[in-house]
Amino acid sequence: MRPGSVAIVGASETNELGEIKDKSEIQLHAEAAINAMRETGLKPSDIDGIATAGTTPSIIAHYLGIKPGWADGTMVGGCSFLLHVRHAAAAIAEGMCSTVLITHGQSGRSNIAQGGFVGGGRASLQAQFESPYGIVGPTTMFTLPVLRFLKETGTTIEQLANVAVVQREWASRNPRAKLQELTSVEEVLSDRMIAYPFTRAMCCLVTDGGGALILTSAERAQDFPTRPVYLLGTGESVEMQMISQMYDKTRSTAFRISGKKAFDEAGISHDDADHLMIYDAFAHLPLYGLEDLGFCGRGEAGAFIEERHTAPGGSLPTNTNGGGLSYTHSGMYGMFALQESVRQMRGTAPAQVEGAKISVCHGVGGMFYAAGTIIMSNERP
Amino acid sequence: MPDRSKVSVPIPTPETAHYWEGTREGELRLQRCRACDDFYFPPRPFCPVCLSDDIEVVAASGKAKLFSYVINHRPHPAFDGPYSIAIVELDEGPHLMANIVNVAQTPEALILDMPLEVVFEQLTDEISLPQFQPAGGEA
């Protein structure tokens, strides 16, 4: 993809987030998709590409009456939608399709007809070499490398807790955020212990919700009522399934590959970024993200956040919707990170960063399994 | 009391059978590439670096150090109260998941880089699970 040749023209979330008792998962996909089609004035017959995760493209295409000539069912966890954006950009640039709809919906809290991860059964490598040790989902897997990270980088537990504190500041400016009350390092550390060293306040929310994006060529983007947001660079990677086999527990190999690809393609430097989203399923993700994407040197991310660079008024506003820790987290949050990047580029975010022109959106999948990075701008290069 | 019958019991595959035969006999068996002279994990019948199938199965020393861990506070029927889930670094290089046993399940007792040794917990007639305890026996 040539930087600026493909644009996001539709970006919408479900009407509500949090606890949605009257809609099943497929309807959350549909509601977000319909919102995105309405704001762009598109009908199902105008959509010729479909991508989704947690379900299949066929289920969503048929439910919405879409008959596509391009489909992507890439499922690598919560950053799947960032990979869909990357794949869709390539497909549009290649002329394989013209208008792609990407949907997310998840009944993560209410569990009404929820899909989810595909496991390998009891004979999978993870089932043989990790499950017997009592892993119980993300709280005991995603968190496992952190004590090593703290030790090797000199980052403190207070700096880890502070990630949640600063993001709550952003959430306090966002009426749609689930948690809006300001908090403190002491409060975060004294919250209920989930998996030492992680307290509840250092773990993401569990909610219902969805979001959808519509992409098309930059030329066609001018025909829509919405302000186009142009793609500058994209990256992706996958690493492993078993957290015990992560190549380097203190750096994400997938983050580094994905981030470098996106920055190389965009041809921008880190100083050019006005806004940053780093998928925060747990409080350590922004620390890894800042370092592995190259915004901070080794071991500097904790102090960088402490010095308020990522906070309101800082030089690199980060996770400005409140993040997975305070805004919402349906299970596969990557779609919501993308939505906030688009809002910031459209100038419509509740906690708008004045004058922001370039946003970097970085997602993680599974428990460090995968990564996707999308760099976007409201100016066409 | 923890109900260890609630442990998710591994089902060996053709590629991992030697590992579980080893643990049943009280040995931690690793694969090593003869060309690279490196150990790797999890088991597979080829070297993930050079793809050679000239590999050997070697009994590991059973010595390791505590690389990283969490202490899970949410209930699990196979465990009694908060329990450690750890990554250990074997002296031979590979990383394994394990519970750190025969020691208090507290941050004060579980110190990164502390030396560990393997012990085997029999789950069924077929499957024994490698676990790690502080080197030199119970702490």
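Predicted model: local features only at pLDDT ≥ 70, side-chain atom pairs only at ≥ 80, totals over all residues.

Student: How many helices and strands does chain A have?

Tutor: Chain A has 14 helices and eleven strands. Its radius of gyration is 19 Å, close to the 21 Å that the globule rule gives for 381 residues, so chain A is as compact as a globular protein of that length. Along the principal axes, its C-alpha atoms fill a box of roughly 55 × 50 × 35 Å.

Student: And what share of its residues is buried?

Tutor: 63% of the 381 residues of chain A count as buried. As for contacts with a separation of 6 or more in chain A, 76% are between residues 24 or more positions apart.

Student: Which residues have the most contacts inside the largest nonpolar core?

Tutor: Leu215(A) and Val88(B). That core has 153 residues. In general, nonpolar side chains in soluble globular proteins tend to be buried together.

Student: What does Leu215(A) touch, leaving out its neighbours within four places in sequence?

Tutor: Its contacts include Val6(A), Ala7(A) and Ile8(A), and also Val85(A), Ala88(A), Ala89(A), Ile92(A) and Val100(A).

Student: Where does Val100(A) come in, and which residue is its bridge partner in β7(A)?

Tutor: The partner is Leu215(A). The strands involved are β4 (residues 100–107) of chain A and β7(A), which pair in the antiparallel sense over eight bridges.

Student: Which way does β1(A) pair with β7(A), parallel or antiparallel?

Tutor: Antiparallel, over seven bridges, with β1(A) spanning residues 6–13. Ala7(A), for example, stands opposite Thr216(A) in β7(A).

Student: Changing topic. How many residues of chain A are in contact with chain B?

Tutor: 28 residues of chain A are in contact with 30 residues of chain B. On the chain A side, the elements that give two or more residues are α4 (125–129), α5 (138–141), α6 (146–153) and β5 (193–196). By class, that side has 15 nonpolar, eight polar and five charged residues.

Student: Which strand of chain B does β5(A) pair with?

Tutor: β4(B), residues 63–72, in the antiparallel sense over two bridges. The bridge partner of Tyr196(A) in β4(B) is Ile71(B).

Student: Which residues are buried in helix α1 of chain B?

Tutor: Tyr19(B), Trp20(B) and Thr23(B) are buried in α1(B), which is residues 17–24. They cover an arc of only 90° around the axis, which puts them on the same side of α1(B).

Student: What covers them?

Tutor: The cover includes three strands of chain B: β1 (29–33), β7 (115–122) and β8 (128–134). Just after α1(B), Gly26(B) takes a positive phi of about 80°.

Student: Last one, back in chain A. Is Val165(A) buried or exposed?

Tutor: Buried, because 22 other C-beta atoms lie within 10 Å, and the cut-off for buried is 20 or more. Val165(A) is in helix α7 (residues 157–171) of chain A.

Student: What does Val165(A) touch, not counting residues up to four places away in sequence?

Tutor: Thr183(A), Ser184(A), Val185(A) and Val188(A). Asp223(A) is another matter: it is 58 residues from Val165(A) along the chain, and their C-alpha atoms are separated by 42 Å.

Conventions
Residues numbered from 1 in each chain as written. Chains lettered and ligands numbered in written order. Core = buried A, V, L, I, M, F, W, Y, C linked by C-beta atoms within 7 Å. Buried ≥ 20, exposed ≤ 12 C-beta atoms within 10 Å, placed from the backbone. Contact = placed C-beta atoms within 7 Å. Pairing = 2+ DSSP bridges. Helix = DSSP H or I, 4+ residues; strand = E, 2+ residues; numbered from the N terminus. Nonpolar A, V, L, I, M, F, W, Y, C, P; charged D, E, K, R; others polar. Arc of directions from axis to C-beta. Rg over C-alpha atoms; globule rule 2.2 N^0.38 Å.
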